[in-house]
Amino acid sequence: MKNSALLLFATILFSNTINAQLKPVKYKDGSQALNGLFVKSAKKSSQNPGILLLPAWLGIDKASKDIAENLSKLGYNVFIADIYGEGNYPTNTAEAGKQAGYYKKNYEIYQKRIDAALQELIKSGANADNIVAIGYCFGGTGVLEAARGHLNLKGVVSFHGGLGKDATRPVTPITTKVLVCHGADDPFESKEEITAFQQEMRDSKADWQMIYYANAVHSFTNPEAGNDNSKGAAYNAVAAKRSFEHLKLFLNEVLKK
């Protein structure tokens, strides 16, 4: 009996370890080959909640992988999107800036690329009507575009993402819930852009929240960003922890588990 119990425990432990592993997923947007990562929820749920994760401007990195694995342990199916695709991966910040700038300008293409990843998350087992998109930096801009583009999402969460958009674009109703986690000292978002974004949220009748974190600049959630605030981008352990707690509160509110 004792040996059977130990065997059962080992089987469960092994199963949970397997479930927590990120698995490569090849998919396409038109003719563009893409390479995402999926991690299955470590907890069974009839609701199959899903999280679409949009990484920062350098693409899928260690930070996004770590976050995806942590969220899977909390009971979410997570898909990390590949925005750039094969043949287009940046090798430095200059290339990343050029790539990200293209998608920010061509927002409809960005929205379509995000939707392609969303469909893969659904194919992987997430409930199509029980999904939140989260994004970091360039990905934070992306989740706001997903909300503006009316993708089928219960909510979006932007971490130190770009907030601005072309003022000539029409403002349409936003029905998905919005949470913005923002460094109070982020030098890359002007007061004018922040004011315009907040007005957009009001005009679109969105259910939105914006939380500021003291002494935090851009990239405050990324441990690989260093700790020198004077560079404009730096890790802040306190802000990272607090924003993750705010994410969990948001997920508990908008998703069924």
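1. Accessible areas here come from the Shrake-Rupley method with a 1.4 Å probe, and for residues only the protein chains shown count as cover. On that basis the protein chain exposes about 13,000 Å², of which carbon and sulfur atoms supply 54%.

2. This is a predicted model: local features need pLDDT of at least 70, side-chain atom pairs count only at pLDDT 80 or more, and totals for chains, interfaces and linings use all residues. Residues are numbered from 1 along each chain as its sequence is written, and side-chain values use heavy atoms, with hydrogens and water left out.

3. Buried residues (under 20% relative accessible area; exposed is over 50%, partly exposed in between; 1.4 Å probe, protein chains only) make up 48% of the 257 residues in the protein chain.

4. The whole structure contains ten salt bridges, a salt bridge being a side-chain nitrogen of Lys or Arg within 4 Å of a carboxyl oxygen of Asp or Glu. One of them joins E145 and R148 at 3.2 Å, N to O. E145 is buried, with a relative accessible area of 3%, and R148 is buried at 8%.

5. E145 also meets R169 in a salt bridge (2.9 Å, N to O). R169, like E145, is buried.

6. A further salt bridge links K248 and E245, with the closest N and O atoms 3.0 Å apart. K248 is partly exposed, with a relative accessible area of 25%, and E245 is partly exposed at 37%. Elsewhere, salt bridges that share partners join E145, R148, R169 and E200 into one network.
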